[in-house]
Amino acid sequence: MAPAMTLTLDTAPRVGMVSLGCPKALVDSERILTQLRADGYALSADYAGADVVIVNTCGFLDSAKAESLDAIGEAMAENGQVIVTGCLGHEADAIRARFPAILAVTGPQQYEAVVDAVRLAAPPVKSAYLDLIPDAGLKLTPRHYSYLKISEGCDHRCAFCIIPSLRGDLASRPPAAILREAEALVRNGSKELLVIAQDTSAYGVDLRHAVSTLGGRPLRAHITDLSRELGLLGAWVRLHYIYPYPHVDQLIGLMSEGLLLPYLDIPFQHASPTVLRAMRRPANDSKVLDRIHKWRAEVPDLALRSTFVVGFPGETEADFQYLIDWLGHAQIDRAGCFKYEAVAGAAANALPGAVPEDVKESRWHRFMAAQSAISEERLAAKVGRDLDVLIDAVDEDGGASGRSKYDAPEIDGEVHLRDAGGISVGDIVRVRIEESDEADLFGVPV
Ligand code: SF4
């Protein structure tokens with residue numbers, strides 16, 4: 001009988017943890033340790049056996065701060081490889097002034113930043129027996145495209161939305177963690193990264209756009225810097241849920257450089273200034289049409305996708321007509337439209353001027369007719385062009401379907417290919433566009 005294989009974890013780096021403060025801090029410590037164990041780290045009960053020590057601090061009262069500083073001092077003296085996290089992390093400058101050799105200081109609930117710092121200080125050991133989860137994590141999308149979530153929560157308070165009360169204020173992931181995930185996704189076959197958040201363009205505001213270093217280069221926690229780094233990975237990078245803040249102009253520059261797809265998903269929701277004010281929408285800028293024209297002057301094939309709501313409380317026929325006229329000027333490529341519905345807990349429920357259901361219904365049909373005509377015309381303008389198409393599906397009859405740079409999966413249209421034998425899912429194929437309808441394009445590989 002073959003001898004049983006013995007798996008030894010002797011080589012796994014060991015992490016020590018000093019956890020101070022309240023039960024919330026304790027839960028934070030547990031989450032950090034759980035993640036580290038999942039990554040193959042071992043735990044150490046003493047300073048001597050630890051490759052790195054995490055001190056989870058409390059900064060609530062002066063006495064708690066003093067205790068935390070004592071604990072950091074002890075860990076520095078006994079081990080020297082120390083990462084500080086928790087509430088006292090808000091006073092990073094004071095901690096660094098007192099302990100200049102500290103490896104990293106992060107604030108409460110910044111689990112990823114702590115885990116990142118541990119990985120930097122003591123890189124994990126990969127094991128075929130332990131790493132049942134691929135580098136890129138477990139995915140629910142096909143291998144060739146992946147969603148990349150860069151932040152959670154939202155600082156806005158749109159009248160129709162309860163997401164901030166469910167998910168809290170904006171909490172951005174550290175840029176290094178996002179880039180590490182993106183690199184793993186690309187390494188594992190993703191050809192397209194779809195960047196998502198509640199408000200993607202606000203990325204890093206909560207981190208005060210702090211600068212960290214990545215491969216020796218400074219990197220701001222800012223959507224422009226992050227997008228540039230993502231663009232350098234060699235996959236298509238598509239941005240969703242962008243609000244037209246002024247710095248979005250810089251993203252258009254990255255599209256010109258070929259680092260981002262010429263695609264912006266901006267949930268405008270409406271165009272009438274009165275309705276937008278009542279909705280309390282962010283980046284509610286009356287000059288947004290001028291900006292769209294400016295963007296298209298710079299990136300002529302920029303595709304815009306959006307969502308709109310009709311029948312919001314107080315929306316008049318004039319507001320609605322303003323929206324329809326605006327669509328004609330903005331030439332949005334793809335748009336979804338919803339009839340307003342009250343959501344339990346939303347501030348909009350208290351607004352006067354409820355729009356009758358039959359009026360909502362009729363406005364929805366008018367919106368869809370206007371938008372379909374625009375979409376159809378914009379697709380027809382692509383006939384005769386050669387476009388790169390990322391293949392999503394192939395059939396047994398030599399046909400295939402995929403998406404050009406102008407279309408996101410599930411929500412936009414497709415490109416249907418004939419005579420596409422030998423093509424596989426995930427390939428990027430040059431396609432001559434022969435026909436179009438109001439939703440899709442049709443073509444043949446060239
Ligand atoms: S709809 Fe408004 S409040 Fe809700 S997630 Fe989007 S930006 Fe934030």
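Modeller: Helices (H or I, at least four residues) and strands (E, at least two) are DSSP runs, numbered from the N terminus. This is a predicted model: local features need pLDDT of at least 70, side-chain atom pairs count only at pLDDT 80 or more, and totals for chains, interfaces and linings use all residues. Residue numbers start from 1 along each chain as its sequence is written.

Biologist: Where is Gln269 found?

Modeller: Gln269 sits in the loop between β13 (263–265) and α9 (273–279). Its phi is near 70 degrees, a positive value in a residue other than glycine.

Biologist: Is Gln269 buried or exposed?

Modeller: Count C-beta atoms, placed from the backbone: 20 or more others within 10 Å of a residue's own means buried, 12 or fewer exposed, and in between partly exposed. Gln269 counts as buried because it has 23 C-beta neighbours inside 10 Å.

Biologist: And Arg208, buried or exposed?

Modeller: Arg208 has 9 such neighbours inside 10 Å, so it counts as exposed. Arg208 lies in the loop between β9 (192–196) and β10 (211–214). Its phi is positive too, about 55 degrees, although Arg208 is not a glycine.

Biologist: Which residues touch the most other members of the largest nonpolar core?

Modeller: A nonpolar core is a set of buried Ala, Val, Leu, Ile, Met, Phe, Trp, Tyr and Cys residues joined through C-beta atoms within 7 Å. Here the largest has 71 residues, and Leu193, Val195 and Val237 touch the most other members. Domain 2 (145–380) and domain 3 (386–445) both contribute residues, so this core lies between them. Those bounds come from an automatic or database domain assignment. A second, separate core has 30 residues, including Ala75 and Val82.
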